[in-house]
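Here's a quick briefing to read with the model open in your viewer. Have a look at the chains first, then work through the notes below.

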Amino acid sequence: MTEQGIPASPIEADIETFGALVDKEPSKPPRSQWIDVWQQFRKHKGAVFGGGFLLFITLAVIFGPLLWDVDPKALDIRNKNWRPVYQLLFDSEAKAGWAHPFGTDQLGRDIMAQMIAGGQVSMAVGWLAMALALVIGSAIGVISGYFKKLDFWLMRFTDLVLSLPILPLTLLAVTLFRQPLNSRFGPEGGMFILIVGIIGLTSWMQTARIVRGDILALKEREFILAARSIGTRSGKIIRRHLLPNVISPIMVSATLGLATAIITESALSFLGVGFPSDFPTWGKLLSDAVSRMQEFPERVLLPGIAISLTVLSVNYLGDGLRDALDPRLRGR
Amino acid sequence: MLTFTIRRLLLSIPTLLFISMVIFLLLQLAPGDPMAQVPLTVPPEVKQKMREALGLGQPIYVQYYKWLIQFFWVEPQVFLDWATRDSFLLGWLPDTNFSTFIDPDSGAVRPVQRAISWQTRSPIMDIVIQRMPQTLWVVGLSYVVGILIAIPIGIYSAYRHYSLFDQAGTFVTMVGFSIPPFFTGPLLIVVFSVTLGWLPSIYDTTHVVTDWASFKIQFMQMIMPVMVLALQTTAQISRYMRGAMLDNLNQDYVRTARAKGLKESSVVLVHVLRNSMIPVVTVIALGMPAIFGGAIITENVFKVNGIGQLLLTALFANDLPMVMTLTFIFAILIVLFNLIADVLYGLLDPRIRYD
């Protein structure tokens with residue numbers, strides 16, 4: 001031991017030696033997990049833009065009819081085939097004006113109102129089908145991860161559904177069940193139920209697999225053992241302890257599901273098996289416009305851009321969520 | 001590995017049987033009547049006879065059993081006969097005559113009854129084989145092009161992680177992922193066929209390549225459909241490639257290879273690439289069924305006369321045997337390539353052996 005001045009008391013010596021460890025300022029209050037997630041999420045610029053655009057388009061289709069109260073189905077044959085208003089920039093003779101900012105179609109229906117109405121349907125189908133797929137997928141994933149007896153059969157069933165050719169079967173189911181459902185719920189309601197149901201029933205498999213994997217790992221952790229040792233029932237363990245811990249993979253697959261659902265609905269409408277012909281959706285508007293796209297390219301571009309931007313923003317949102325919800329990446 | 005493969009092959013038989021049953025039962029619910037197109041002047045009892053001639057009067061399980069026999073027993077026999085009679089590869093073998101039988105009444109040699117399409121009244125398999133080349137050319141070529149573009153992009157953006165190229169590449173793949181083919185197709189047609197007039201908007205399937213000029217026409221008409229499909233493939237595969245490269249570039253063996261003084265190119269393109277290709281190869285295998293299944297939407301946009309188009313027209317025309325056969329062929333391909341992907345994964349990566 002080297003010779004040093006002996007301090008007056010051992011406590012003072014400690015303070016002197018470990019002085020660097022004493023906080024200079026009072027410690028911050030503990031932060032919740034969701035604040036951390038939000039701060040990581042904010043770093044991903046694409047995800048913030050994506051989330052913002054998704055919010056914007058959802059609000060636009062919900063509140064759009066209040067601001068732009070033109071009936072999308074009103075025919076105005078005298079003012080048919082208007083061009084969008086920006087056409088006036090290149091060609092001052094063009095039939096265009098602020099009365100119909102996006103122009104009118106071959107029957108004189110306002111395209112802006114149709115885009116809003118179509119967006120409502122497309123987004124509603126997307127959100128509902130995604131929710132249905134999430135509920136089915138999470139339920140199957142949780143059950144097969146938690147209950148060993150059911151695991152084998154449920155996973156074989158998932159594999160089976162995964163090896164079905166989805167798009168042909170979807171086309172098949174839509175053409176087959178259209179008439180019975182239409183006669184019961186009307187042509188629009190029946191088609192809506194059918195499309196939401198089919199998309200939901202054919203896209204839950206990935207969610208189920210991911211959730212099952214996470215549940216299998218979580219089930220072996222000590223806090224589940226603790227919960228079980230104080231006599232918690234299975235249902236409560238699942239609701240209180242397991243589900244909150246698998247919320248992040250569920251959220252990430254929700255974004256993927258939303259994107260797939262919007263694209264599938266548009267694809268069905270594009271192939272002519274979707275909603276009835278006077279009922280606008282983005283895919284329907286696009287497919288109706290394809291035959292006349294030489295003269296009116298904007299009628300293809302507008303719904304196409306709407307679909308693509310929505311799906312792009314949802315995909316970016318999913319990317320950002322995945323990074324933000326992954327604790328290994330957070331705080332870097 | 002062999003036992004694993006055999007076990008999986010055996011397991012795929014009940015899987016396929018179950019899938020075929022699902023499709024069959026779905027089709028049984030079909031409200032359409034194949035006699036709907038027959039003129040109203042045909043009396044109902046004749047219509048009933050025609051229905052029975054199509055095999056519709058039988059109970060469901062008999063119909064299903066007969067379909068199974070025709071798909072798994074009659075069609076392979078017809079194929080064997082064709083292979084030993086006309087094909088280049090096996091034509092030297094003595095001709096087989098599995099697909100004919102001697103009529104007990106007249107004593108004449110007659111061909112067996114094959115599964116026929118209600119739409120065209122000709123054997124389904126013949127139509128499928130007619131349509132296959134178009135689909136394989138367009139969709140298959142687009143897959144190859146997509147992979148060839150995707151792999152270098154994936155390698156380079158992982159190697160220069162967070163560089164400008166990586167950012168741009170990620171953005172482009174994200175866009176390719178998000179824009180559906182029914183939008184890119186018409187968009188390309190508007191730009192390149194309507195405005196610029198460079199490329200034809202419709203794929204002419206009757207075009208025959210005989211010389212350089214006709215090859216050029218064929219090339220021009222293939223550009224757009226191939227590029228639309230290749231965009232999707234590229235987006236998907238370059239994402240996987242980039243992820244796999246990123247996983248491997250930080251591994252210890254890469255540091256060892258660099259410490260040994262290997263050239264950077266051989267570190268990246270030999271050591272890292274070979275290990276990163278393992279998951280990518282399986283992803284490529286999993287995408288194969290889509291080639292044969294045809295891209296229903298893209299074929300529809302560019303009017304390519306392929307398998308996807310065939311399925312769509314059969315659906316609209318209520319041609320149930322055709323729909324059943326096509327959907328089941330897709331299912332077989334999916335199951336088969338899932339199996340191939342799993343086996344490949346085990347073969348390429350010795351850490352993952354299933355036994």
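How are H4(B) and H5(B) oriented to each other? Keep in mind that this is a predicted model. The two helices pack with their axes about 135° apart in angle and 8 Å apart in distance. An angle over 145 degrees would count as roughly antiparallel and 65 to 115 as roughly perpendicular, so H4(B) and H5(B) come out as oblique to each other.

**The H4(B)–H5(B) pair**
- If you're wondering why those two values get quoted, packed helices are described by the angle between their axes and the distance between the axes.
- Helix H4 of chain B covers residues 124-159, and H4(B) goes past H5(B) in a left-handed crossing.
- On the H4(B) side, the residues doing the meeting are Ile153(B), Tyr156(B) and Ser157(B).
- Their partners in H5(B) are Phe165(B), Asp166(B), Gly169(B) and Thr170(B).
- Sorted by class, this contact has three nonpolar residues, three polar ones and one charged.

**Phe171(B)**
- Phe171(B) is a residue of helix H5 of chain B.
- Phe171(B) counts as partly exposed because it has 13 C-beta neighbours inside 10 Å; the exposed class stops at 12 or fewer, and buried takes 20 or more.
- Between Phe171(B) and Ser276(B) there are 22 Å in space, C-alpha to C-alpha, and the pair sits 105 residues apart in sequence.

**Where chain B touches chain A**
- The interface puts 33 residues of chain B in contact with 31 residues of chain A.
- Six helices of chain B each bring at least two residues to that side: H1 (2-28), H5 (164-178), H6 (181-195), H10 (296-302), H11 (307-316) and H12 (320-348).
- H12(B) gives the most, with seven residues.
- Class by class, the chain B side holds 27 nonpolar residues, six polar ones and no charged ones.

**Chain A at a glance**
- Out of its 332 residues, 39% count as buried.
- Take the contacts in chain A between residues at least 6 apart in sequence: 70% of them join residues at least 24 apart.

Notes: Residues are numbered from 1 along each chain as its sequence is written. Chains are lettered from A and ligands numbered from 1 in the order in which they are written. This is a predicted model: local features need pLDDT of at least 70, side-chain atom pairs count only at pLDDT 80 or more; totals for chains, interfaces and linings use all residues. Two residues are in contact if their C-beta atoms, placed from the backbone, lie within 7 Å. Helices (H or I, at least four residues) and strands (E, at least two) are DSSP runs, numbered from the N terminus. Ala, Val, Leu, Ile, Met, Phe, Trp, Tyr, Cys and Pro count as nonpolar, Asp, Glu, Lys and Arg as charged, and the others, Gly among them, as polar. Axes are lines fitted to C-alpha atoms, for helices over the stretch in contact, and angles run from 0 to 180 degrees between N-to-C directions. Angles under 35 degrees count as roughly parallel, over 145 as roughly antiparallel, 65 to 115 as roughly perpendicular and the rest as oblique. A crossing is left-handed if the near helix is turned anticlockwise from the far one by less than a right angle, and right-handed if clockwise.
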